[in-house]
Amino acid sequence: MDFSYPREIEQFRKELRAWLAANLTDDVVTAGRRRGKDDASFATLRDWNATMAGAGWAAVSWPREYGGRGATVLEQLVYAEETTRARVPIPLNVIGMNNIAPAIMQYGTEAQKRTLLPRMMRADDIWCQGMSEPEAGSDLASLRSRAVRDGDHFVVNGQKIWTSLGYRADWCQLYVRTQPDAPKHKGISCLIVDMSLPGIEVRPLVTLNGDADFAEMFFNDVRVPANALLGPLNGGWQIATTTLSHERAGAARLYTEMRVRLEELVADLADIKIDGRPVLEDPATLRRLGEIALRIKYLEVLCQRSISATLYGGDAFGSASLAKTIWGEVGQDIAALAFDLLGMLDAGRRWADYRLTSRSLTIAGGTTQINKNITAQRVLGLPRS
């Protein structure tokens, strides 16, 4: 793995650092910690996304024709490191930017690209992804939501659940079954759905920490224009699984995020005493912190292996899946340690909130079980059964 940076890459880093120093404010960082849960922080983050887009920093990995910088892998790596270290909030449209936009770039019509992508980048429109259903979570191919062609429209009926940002979304990348008699992987289509259409009901799902980050959505005879089809009819599985990705160094965010979280925890523990003794002088606490720090270093090496494979034509998928698994487990361990040591001393409830939300880290973006299967097959070379 060779991560020595040429002069032009260091110039890219210098330019980004200077822009962040001049534009990133404490209000934006605070709103990012709130993740836009309340209307005020949501508005702050929306303005920030527009600011980044206007300066060309919202989606550096996107091709230039769609508002990005066409960044190289090393530039993407630097971008991920610097924005994470500076506590830059993730985009409001993080799912849209990372998952949906590449699909529109690859499969969309020119009208779809020209109309939807700029507004997504600026967070003028909020996007969600309609995949999971009550009986089709990780197994997307088992979805039952239907779309039937009726003249110039598709008539959609069905239900989606655990939809991130569903309660705020203006648009949905919706996966539906359009050929029920076909093998289950081959009868799925992808629609771009305006969430203001009649017949759509969105119900927020309140999680353990009292937030409504997810929603369940009901589609009752919703008439979606036929030109909202993304890609070929019955080609939705290909869109869902082989979407062109312009984010080739995103793994860097995994280890930099965990490093930042550990640094913040150590800072919050600096003035904490238990039984009159500073907690950071307790051998058991130091051992747990040290173990987590070591695992984060392992995670960094693993992520860099994935990025190196991308640079030199290797298989990045297997190591990236393993890295995602470790990232989720390390995040949960940081959350557990913070809660054990701070408990009711966590006046702002930041770590208590993270303790609850961290349970999703081994589910979101691919469950641990699925990622372990990928690791077994792609890294260890084990048979499927």
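Visitor: How many aromatic pairs does a search of the whole structure find?

Guide: The search finds six aromatic pairs. Rings of Phe, Tyr and Trp (its six-membered ring) pair if their centres lie within 6.5 Å; planes under 30 degrees apart count as stacked, over 60 as edge-to-face and the rest as tilted. This is a predicted model, in which local features need pLDDT of at least 70, side-chain atom pairs count only at pLDDT 80 or more, and totals for chains, interfaces and linings use all residues. Residues are numbered from 1 along each chain as its sequence is written, and side-chain values use heavy atoms, with hydrogens and water left out.

Visitor: Why is the pair of Trp19 and Trp48 called tilted?

Guide: The ring centres of Trp19 and Trp48 are 5.6 Å apart, and the planes make an angle of 40°.

Visitor: What makes the pair of Trp57 and Tyr79 stacked?

Guide: The planes of the Trp57 and Tyr79 rings stand at 10°, with the centres 6.5 Å apart, so the pair counts as stacked. Trp57 lies in the loop between H3 and helix H4 (73-85) and Tyr79 in helix H4, so parts 22 residues apart in sequence are tied together.

Visitor: How do you know whether Trp57 and Tyr79 are buried or exposed?

Guide: Trp57 has a relative accessibility of 1% and therefore counts as buried. Tyr79 is buried as well, because its relative accessible area is 8%.

Visitor: Why is the protein called as compact as a globular protein of its length?

Guide: The protein has twelve helices and ten strands. Its radius of gyration is 22 Å, close to the 21 Å that the globule rule gives for 385 residues, so the protein is as compact as a globular protein of that length. The radius is taken over C-alpha atoms, and the rule is 2.2 Å times the number of residues to the power 0.38. Along the principal axes, the C-alpha trace spans about 75 × 50 × 50 Å. Buried residues account for 48% of the 385.

Visitor: Which residues does Ile296 touch?

Guide: Ile296, in helix H9 (residues 283-312), touches Tyr255, Met258, Arg259, Leu262, Val330 and Ile334, residues up to four places away in sequence not being counted. Contact means heavy atoms within 4.5 Å. At 4% relative accessibility, Ile296 is therefore classed as buried.

Visitor: What makes Ala338 buried?

Guide: Ala338 has a relative accessible area of 0% and is therefore buried. This residue is placed in helix H10 (residues 316-342). Beyond residues up to four places away in sequence, Ala338 touches Leu265, Gly343 and Trp351.

Visitor: Which value of phi does Ala123 have?

Guide: Ala123 has a positive phi of about 65° although it is not a glycine. Ala123 sits in the loop between helix H6 (110-122) and strand S1 (127-130), and its relative accessible area of 0% makes it buried.

Visitor: Is Trp162 buried or exposed?

Guide: Trp162 is exposed, because its relative accessible area is 51%. Trp162 lies in strand S3 (residues 153-164), and its phi is near 55°, a positive value in a residue other than glycine.

Visitor: Why is Arg384 called exposed?

Guide: The relative accessible area of Arg384 is 74%, and the residue is therefore exposed. Arg384 is in the segment after helix H12 (368-379). Its C-alpha atom is 9.5 Å from that of Ile374, ten residues apart in sequence.

Conventions
Helix = DSSP H or I, 4+ residues; strand = E, 2+ residues; numbered from the N terminus. Buried < 20%, exposed > 50% of the residue type's maximum accessible area, 1.4 Å probe, protein only.
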